[in-house]
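Here's a quick briefing to read with the structure open beside you.

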Amino acid sequence: MPKGRGKGRKRKGPAQRVTPARNVLSEDQPGTSTAGLIPATDDPDTSQISQPSQTSRPSTASQQQQQQQEKNIRRHHTQMIIDLGDMFSPKQWRSICNRVEMMKYVSTRDMGDVDSMEDLCKALMRNGVIKHGEYSNLREILVTCDVEAGVIIDDYTERIHQEREGPSPAKQAKTRDQGQQYSTEIHPDLEPMIGTAKARIKKEKEEKKFYPTKGFCDAKDKLQKNRVVVIKGNTGDGKTAIAVQLLHWLSEEQQAGQPLQIHKIEDLRLLAPKLKLITYIDDIFGEKNVSKTDVQEWNKRISDVETLFVDKQTQTNFLIVTIRNEVFNSLQKRSPGTILIKDNIIDLSSHTYQFAEEKKELLELYKPKHFSWTDQEKKQISTYAPNIGFPQCCQLFYNSEELQKERVRFFENPFYFLNEALSRLQECSALLYLFLNGGMIRVNDLDPNSKKVDEKLLEEAFEINLIDGEDYRTKLTYKKKVGFVKETLEKLLGFLVVKETHFRFYVDFVAKEKHWSVEDVYRFNHDSIYVAVAFLYGKVTPIGYIQNCPSKSLSYLTTSETTANMIVISSDHYTEMCERLLREFECKEYLYEGIKPHKDTAVSLVSGHWNDSNKQVCLLKKIVVYLNDETKLDVLNKACSRSAEECALYLLCEGVEPDEDTVMCVVEGRSEEVLRKLLQYDVTPIARDFDSNNVLHWACVYERDEMVTLLCDTYPHLVHDTNMSGFTPIHAAAFGGKCSVFQIVERPKYWD
């Protein structure tokens with residue numbers, strides 16, 4: 001008998017896309033030898049870097065080479081599975097599983113345990129159907145659903161063969177030629193970035209306090225050993241501070257090269273081996289959610305990155321990366337390679353780096369003037385695990401007299417008290433305007449006579465009252481509002497706001513020349529302040545937040561009331577949310593990067609309850625132009641199951657062809673109007689679920705009187721159909737227990 005959605009399908013398949021369960025990023029890779037990654041050299045610029053010990057050699061060089069070869073083969077095999085797992089829709093997945101069974105590669109019984117591409121490949125390997133580097137049988141099946149799968153398999157097959165046999169002579173020659181062509185000159189576009197990095201190092205050394213924590217010392221060891229360090233942690237853990245100090249240590253103290261900070265993954269193309277660059281990437285892949293574009297760019301250049309920072313070189317390059325925990329965790333298996341691996345990672349949020357004594361040292365380092373802690377207070381604070389990293393808590397406390405009044409209580413719940421302090425500031429309008437501009441405003445733009453101020457955002461910042469009481473600033477003229485913002489940001493420098501020099505790259509298409517411009521900008525002093533202002537704004541006006549917040553801050557929205565430190569929205573806000581998302585998708589910048597509405601966007605639209613179905617359909621019309629036929633069908637089925645009647649009828653009128661799932665979804669969603677429309681399609685009378693229940697079985701189980709009558713009158717033969725257990729729809733009606741349904745099905749005219 002049908003048991004509801006998910007049970008009545010031809011074959012169970014993944015809910016969305018098939019992805020393996022293992023986490024490549026956090027995988028410890030045994031047998032990795034990092035000795036000798038910093039080569040011995042007579043070069044005075046690198047001789048001060050200490051060399052790793054090579055006294056312990058657990059195996060011969062040949063054995064180590066073989067272990068490394070097998071590890072690389074396993075890595076290629078794993079990454080191939082990951083890439084393939086991201087390709088197929090649920091419908092394609094069902095087709096793949098059917099073909100595997102038909103070819104008798106895996107028994108029907110064993111296929112019951114196959115839920116992902118990883119499971120399938122394991123089963124095929126157990127049965128000897130595929131081996132590392134031998135995937136012809138798998139390729140033959142997958143290319144019937146997507147020819148790109150063949151390209152992926154061929155690529156990884158070639159990589160595995162190269163690991164075993166070495167590259168072809170032609171490729172070896174090409175590699176040698178390329179090696180001879182490596183430029184030792186720094187690309188002109190990197191020069192301003194190097195200048196910016198040097199200026200930043202100098203400024204932070206002069207203006208900011210720093211305590212050499214265990215995290216900093218361990219990061220130095222990683223750089224000496226691997227030439228790469230990945231600093232991972234939560235907001236405020238001190239990732240950026242440690243990274244900048246490492247840049248100073250390598251470039252100034254060790255004279256190991258020039259510091260370089262890049263902001264776009266694609267800028268890695270400008271680098272080359274032997275340049276002696278210390279490259280720094282802050283918040284790689286995004287600040288909260290993973291930037292898919294950045295991940296794709298990184299994966300595309302992973303072999304180049306390994307050449308730049310992992311392979312042996314006579315002139316050493318170094319790489320320093322910071323990454324947020326939430327980004328690292330959501331990456332899962334999407335960024336392989338020899339960079340984001342456990343051996344390179346320093347996790348500042350782990351217990352390894354949470355020392356009571358270090359916390360006490362930081363409290364002393366950031367102790368305000370004319371302020372003192374008792375030993376008992378220090379002991380108490382050192383036991384707390386605040387929701388903002390401890391180093392940032394100390395800085396916030398040091399800079400705010402309001403927070404200093406809270407003493408120990410601030411460190412117990414810093415985010416709460418930071419919000420409280422901000423909500424009492426009379427300067428909130430300026431901070432809100434800075435937030436609405438994405439957390440950065442050019443100083444020159446805040447000229448009262450400038451045309452570069454976004455008047456809509458300026459009005460929003462002054463109209464929304466984030467503090468209690470009457471606010472006279474709403475009555476200010478436009479010019480005075482601009483002046484107030486600039487005056488306030490200057491006033492808050494060093495506490496909530498910083499002023500930085502920003503290099504901007506642009507192209508003069510008329511002159512066909514590339515230029516760099518140097519400009520001063522205002523920014524928030526730390527991400528925690530940006531987030532605190534965001535939450536204040538979202539709490540006061542969720543709709544205003546949805547309509548006006550920067551794109552990256554949409555990730556702070558949630559529908560879960562139990563999620564901490566998020567802005568909760570309800571179904572009342574879905575209309576504004578969909579309209580905002582459509583604006584995002586229609587933005588030329590996003591379309592240029594290939595970001596478009598996908599299945600989840602449309603599914604969310606048809607899943608919510610809308611008071612205005614016309615508006616719902618209007619939004620759907622704008623989205624479906626970006627969807628392929630297969631995704632449109634998925635959206636149709638979701639609309640049918642969620643009673644989004646107008647959306648379902650629109651999709652059918654637009655030529656979306658229903659399948660067997662559609663018929664069952666309509667019964668579930670109880671739309672008689674859509675069912676009448678489906679009577680025009682041949683699929684309705686032949687639709688069956690996994691247990692061979694027909695649509696009348698479903699209507700009886702769900703006790704849909706009108707649907708049962710309609711189906712019996714239109715397709716009387718369905719009354720006699722049996723499912724796999726031998727039950728007819730009248731059995732289903734009896735099991736359901738609703739007399740009216742039973743009476744309809746047992747009418748003599750259907751049994752004559």
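How many disulfides does the structure hold? The count is 0. Bear in mind that this is a predicted model. The points below go from the cysteines to the sheet, and then on to some helices.

**Cysteines**

- A disulfide is a covalent bond between the sulfur atoms of two cysteines.
- Take Cys640: its closest cysteine sulfur belongs to Cys665 and sits 6.4 Å away, which is too far for a bond.
- Looking from the other end, Cys665 has Cys640 as its closest cysteine by sulfur, again at 6.4 Å and too far for a bond.
- To count as a disulfide here, the two sulfur atoms would have to be within 2.5 Å.
- Cys640 is buried, at 3% relative accessible area, and Cys665 is buried too, at 0%.

**The sheet**

- Five strands make an open sheet, ordered E2-E3-E4-E1-E5, with parallel pairing.
- At the edges are E2 (258-261) and E5 (345-347), each of which pairs on one side only.
- From one strand to the next, the twist averages 15 degrees.
- Helix H10 (residues 239-253) packs on this sheet and touches E1, E2, E3 and E4. The direction of H10 makes about 175 degrees with that of E4.

- With strand E1 (residues 228-233), E4 pairs in the parallel sense over 6 bridges. One place to look is Ile231, whose bridge partner in E4 is Thr322.
- Strand E3 (residues 277-281) also runs parallel to E4, joined by 4 bridges. Here Ile278 stands opposite Phe318 of E4.

**Helices H20 and H23**

- Two packed helices are described by the angle between their axes and the distance between the axes.
- For H20 (residues 428-436) and H23 (residues 527-540), the angle is about 100 degrees and the axes are 10 Å apart.
- H20 and H23 are therefore roughly perpendicular to each other.
- On the H20 side, the contact is made by Leu431, Leu432, Phe435 and Leu436. H23 contributes Tyr530, Val533, Ala534 and Tyr537.
- Sorted by class, the contact of H20 with H23 has 8 nonpolar residues, no polar ones and no charged ones.

**Helix H35**

- Which residues of H35 (residues 705-714) are buried? They are Asp705, Met707, Val708, Leu710, Leu711 and Cys712.

**Thr488 in helix H22**

- Thr488 is part of helix H22 (residues 478-491).
- Is Thr488 buried or exposed? With a relative accessibility of 3%, Thr488 counts as buried; the cut-off for that is under 20%.
- Setting aside neighbours within four places in sequence, Thr488 is in contact with Glu427 and Ala430.

Notes. Residues are numbered from 1 along each chain as its sequence is written. This is a predicted model: local features need pLDDT of at least 70, side-chain atom pairs count only at pLDDT 80 or more; totals for chains, interfaces and linings use all residues. Side-chain values use heavy atoms; hydrogens and water are left out. Buried means under 20% relative accessible area, exposed over 50%, partly exposed in between (1.4 Å probe, protein chains only). Helices (H or I, at least four residues) and strands (E, at least two) are DSSP runs, numbered from the N terminus. Two strands pair if DSSP finds at least two bridges between them. Axes are lines fitted to C-alpha atoms, for helices over the stretch in contact, and angles run from 0 to 180 degrees between N-to-C directions. Angles under 35 degrees count as roughly parallel, over 145 as roughly antiparallel, 65 to 115 as roughly perpendicular and the rest as oblique. Contact means heavy atoms within 4.5 Å. Ala, Val, Leu, Ile, Met, Phe, Trp, Tyr, Cys and Pro count as nonpolar, Asp, Glu, Lys and Arg as charged, and the others, Gly among them, as polar.
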